[in-house]
Amino acid sequence: MSGRMKGDSKGIVIALALTMGSALILGLISVWFNIERVDRAYDLRRMEKRLDEQEALAAKLEVEKNNLLSPLRLRELAEKYGFGPASQGQIRRPREAAKP
């Protein structure tokens with residue numbers, strides 16, 4: 001009977017060691033996944049911020065483009081530099097390139 005108890009306690013120790021090892025490995029994996037999740041969240045926030053900045057810049061550039069190309073502003077610049085509507089013969093249209 002004593003031999004059997006030693007075998008049983010040996011099995012319990014091995015099972016306990018395997019359980020603790022598994023718990024340690026699962027804990028480390030959980031920590032690693034949490035670090036990865038936080039890192040991804042940080043990258044996502046950084047990319048969202050950059051996207052917002054680029055969208056704001058695009059909107060500002062669109063407003064500036066519309067301002068620069070407004071008919072009123074172009075008319076004022078034309079008067080300032082002495083430009084007017086093109087006369088007959090001042091505009092030439094390029095010929096279409098011959099197709100081989």
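Is Glu36 buried, partly exposed or exposed? Select Glu36 and keep the question in mind: its relative accessibility is 27%, so Glu36 counts as partly exposed. Before going further, please note that the model on your screen is predicted.

**The whole chain**

Zoom out for a moment and show the cartoon. The protein has two helices and zero strands. Of the 100 residues, 1% count as buried.

**Stop two: Asp43 and Arg46**

The structure holds two salt bridges, and your next selection shows another of them. Pick Asp43 and Arg46, whose side chains come together at 3.2 Å, N to O. Why are these two separated by about one helical turn? Because Arg46 and Asp43 are three residues apart in helix α1. Colour them by accessibility if you like: Arg46 has 47% and so counts as partly exposed, and Asp43, with 24%, also counts as partly exposed.

**Stop three: a negative patch**

Select Glu48, Asp52, Glu53 and Glu55 together. These residues gather on the surface as a patch of negative charge. Click on Glu55, which has its place in helix α1, the helix that covers residues 2-68. Glu55 counts as partly exposed because its relative accessibility is 48%, and exposed would need over 50%.

**Stop four: a nonpolar patch**

Next, select Ile25, Leu26, Ile29, Trp32 and Phe33. Together they make a nonpolar surface patch of about 550 Å². Ile25, one of its members, is found in helix α1.

How many aromatic pairs does a search of the whole structure find? The search finds one. That pair is Trp32 with Phe33, with ring centres 5.2 Å apart and 45° between the planes, an arrangement classed as tilted. Turn the view until you can see both rings; a pair of this kind is described by the distance of the centres and the angle of the planes.

Definitions and conventions. Residues numbered from 1 in each chain as written. Predicted model: local features only at pLDDT ≥ 70, side-chain atom pairs only at ≥ 80, totals over all residues. Heavy atoms only, no water. Patch = residues over 30% accessible without salt bridge, like charges linked within 9 Å, V, L, I, M, F, W, Y side chains within 5 Å. Areas by Shrake-Rupley, 256 points an atom, 1.4 Å probe, with all protein chains shown as cover. Salt bridge = Lys/Arg side-chain N within 4 Å of Asp/Glu carboxyl O. Lys, Arg positive; Asp, Glu negative; His and termini not counted. Charge placed at Lys NZ, Arg CZ, Asp CG, Glu CD. Helix = DSSP H or I, 4+ residues; strand = E, 2+ residues; numbered from the N terminus. Buried < 20%, exposed > 50% of the residue type's maximum accessible area, 1.4 Å probe, protein only. Phe/Tyr/Trp six-rings, centres within 6.5 Å; stacked < 30°, edge-to-face > 60°.
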